[in-house]
Amino acid sequence: VGVAWSRAGAMSGSGNLMDFLDEPFPDVGTYEDFHTIDWLREKSRDTDRHRKITSRSKESVWEFIKGLLDAWSGWVVMLLIGLLAGTLAGVIDLAVDWMTDLKEGICLSAFWYSHEQCCWASSETTFEDRDKCPLWQKWSELLVNRSEGASAYILNYLLYVLWALLFAFLAVSLVRVFAPYACGSGIPEIKTILSGFIIRGYLGKWTLLIKTVTLVLVVSSGLSLGKEGPLVHVACCCGNFFSSLFSKYSKNEGKRREVLSAAAAAGVSVAFGAPIGGVLFSLEEVSYYFPLKTLWRSFFAALVAAFTLRSINPFGNSRLVLFYVEYHTPWYMAELFPFILLGVFGGLWGTLFIRCNIAWCRRRKTTRLGKYPVLEVIVVTAITAIVAYPNPYTRQSTSELISELFNDCGALESSQLCDYINDPNMTRPVDDIPDRPAGRGVYTAMWQLALALVFKIIITIFTFGMKIPSGLFIPSMAVGAMAGRMVGIGVEQLAYHHHDWIIFRNWCRPGADCVTPGLYAMVGAAACLGGVTRMTVSLVVIMFELTGGLEYIVPLMAAAVTSKWVADAFGKEGIYEAHIHLNGYPFLDVKDEFTHRTLATDVMRPRRGEPPLSVLTQDSMTVEDVETLIKETDYNGFPVVVSRDSERLIGFAQRRELILAIKNARQRQEGIVSNSIMYFTEDPPELPANSPQPLKLRRVLNLSPFTVTDHTPMETVVDIFRKLGLRQCLVTRSGRLLGIITKKDVLRHMAQMANQDPESIMFN
């Protein structure tokens, strides 16, 4: 029998069944890999468990304490997730800081110091030359004792490229050998898992370890990617790990999904230092089922995670993120026009990026390109490093670039972007510097930024989706921030030179500080991020938590809404939904509308001309008949009917539970043989005297399967699948079974109605 079972397992594509069959029989109700969970069943199982605990807790003090512990376990899991996610994020930030600087030089006093820490620790650092200190040596100074000149430049250039290649090669090799699931951003898969799909190992311990290590490597290598999306995956791995320690979550896939929703919130909380933004992100973008209880728990997990990260203080500025800014000038109504223009730019860039990136990823999937993941990463890293080094804006890490673009030009700024011509007679207080004409540094910075913008737009398309951890938030924000800063400087100079124009006359007097270019960078970053991911509410909250700019909510909202409208005009899908479709995950999006006038009878199987539905009868099939049926088909379950003639529906039995029940009965029950009759009724059927002992399987039968009639509109069926999270739904007419609709049938039908290839839905 064992051989037959493992062959059936291979046929059904469910991996090796023998692994699961060694479990004790009471553990019915787990699912196989790449299958969908049944939300309704998980919910009712949790209710039963809860009822048992409540009734037991009245019996004794010990049971009462156990009940209390069970009620508290949810909060304990959240606390642990927050602590671990915050710690990992802090460690990643510190390691990235050090390794990014390692590409340019090393600290002599302590090699584990980054450039900034090295110079702050040195007593010979002056404020003007705070980036130059004798303890920090570039590679050329260390190796050939030269800091200027062509030979030093070439040596530094070469070492920069070599370090980048080394980091990227290490990362892609680790991912390939130890944890293939650690690649990509992880958010599309987490959305799919939260909608009730099972991908075993995706949130495992190996994935957690390798993703954390490789994330440091790829961000340090200078590739055009961020660590924000992968941090959500890392936090969800923490959530999965801790929920497996408590039976309340480890034995119930529905409850586990609630923990993972909260973990996603903690992930965004540490990625951006935005706890409330994290909760909203989980609600708006990743979660499928988000009850109120999960909202409170997400809030708690995000709080603990942010608090932990703040205790580690990775950037040394008591902030949770590198690019925290404070602006002091108000914005004016006339500025809404450039803000809305930036929103349009963000929407167009989002559309362009999604189309090009999906076309390239599809190409990778279907051609020979996909067979050489290591080579692809090496080539992209080499191109990135070689092109990035000459331009100071692409040489520095993307987070530092965003930080510099967001910054307002104060009196102490040494950046090129702040090289304005000062008025010698200026006797104003230092805080409020008036608008000034741009100096040569600003003009140089403008064309360097323009080149950096074009480079970032092109290279990000090829980077996102390679076989390494790669987030999309930071590159999108960088593209928007560069465009925004350039627009901001343009508006500022226009206001300075033409302050008598009617639009500037009311609010821009000569000698006043009217326009803040950093604010434009912030609005541009929000617009581009919105165009790519189609977030609105959570995006604005993340942006103002990130930058502390409460009075700039209106410009941010205007840009986010505009970018969403513009991007939606070209296609409704955000980048994550597009990747879900590309990978063929069975994901029923809550946002999709189904408007076609088809009926359940058009979608159900079997269709006309197909063999009839495989069913079980309530009391006339032998064990051997059922075993043969299971071996010859690969369905997830079978409807149970009164008899072949009447076809009146009784219930539904899951394939996996039938296999477990039969195996268990053969081992533990006397007299069960191949020609024993199987029955699903309360009382055994009347059998001849000499027949073998029958097998009662009523406890694996679901007596309340979800049914619709054959004339139910598909619109309603899609809604039922979406809101109740069903795996399958039976179609009846006046009590007689006609057919079955599964989640995949619904997805195929929706694809067909949208003129797509229905076979692209199958998970590949």
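Biologist: How many disulfides does the count come to?

Modeller: This is a predicted model. A pair needs its sulfur atoms within 2.5 Å. Cys107 and Cys118 have sulfur atoms 2.0 Å apart, and Cys119 and Cys133 are joined at 2.1 Å. The count comes to two disulfides.

Biologist: Is the disulfide of Cys107 and Cys118 right-handed or left-handed?

Modeller: Cys107 sits in strand β1 and Cys118 in helix α5, 11 residues apart. The torsion about their S-S bond is about 75 degrees, so the disulfide is right-handed.

Biologist: Which parts does the pair Cys119 and Cys133 tie together?

Modeller: The link of Cys119 and Cys133 is left-handed, with -75 degrees about the S-S bond. Both cysteines are buried. The parts tied together are 14 residues apart in sequence: helix α5, which holds Cys119, and, for Cys133, the loop between α5 and β2.

Biologist: Why is Cys237 too far for a bond?

Modeller: Cys237 is buried, at a relative accessible area of 1%. A disulfide needs sulfur atoms within 2.5 Å. The closest cysteine sulfur, in Cys238, is too far for a bond because the separation is 6.9 Å.

Biologist: Is Tyr153 buried or partly exposed?

Modeller: Tyr153 is in helix α7. Beyond its neighbours within four places in sequence, Tyr153 is in contact with Tyr389 and Pro390. Its relative accessibility is 36%, so Tyr153 counts as partly exposed.

Conventions:
Residues numbered from 1 in each chain as written. Predicted model: local features only at pLDDT ≥ 70, side-chain atom pairs only at ≥ 80, totals over all residues. Heavy atoms only, no water. Helix = DSSP H or I, 4+ residues; strand = E, 2+ residues; numbered from the N terminus. Buried < 20%, exposed > 50% of the residue type's maximum accessible area, 1.4 Å probe, protein only. Contact = heavy atoms within 4.5 Å.
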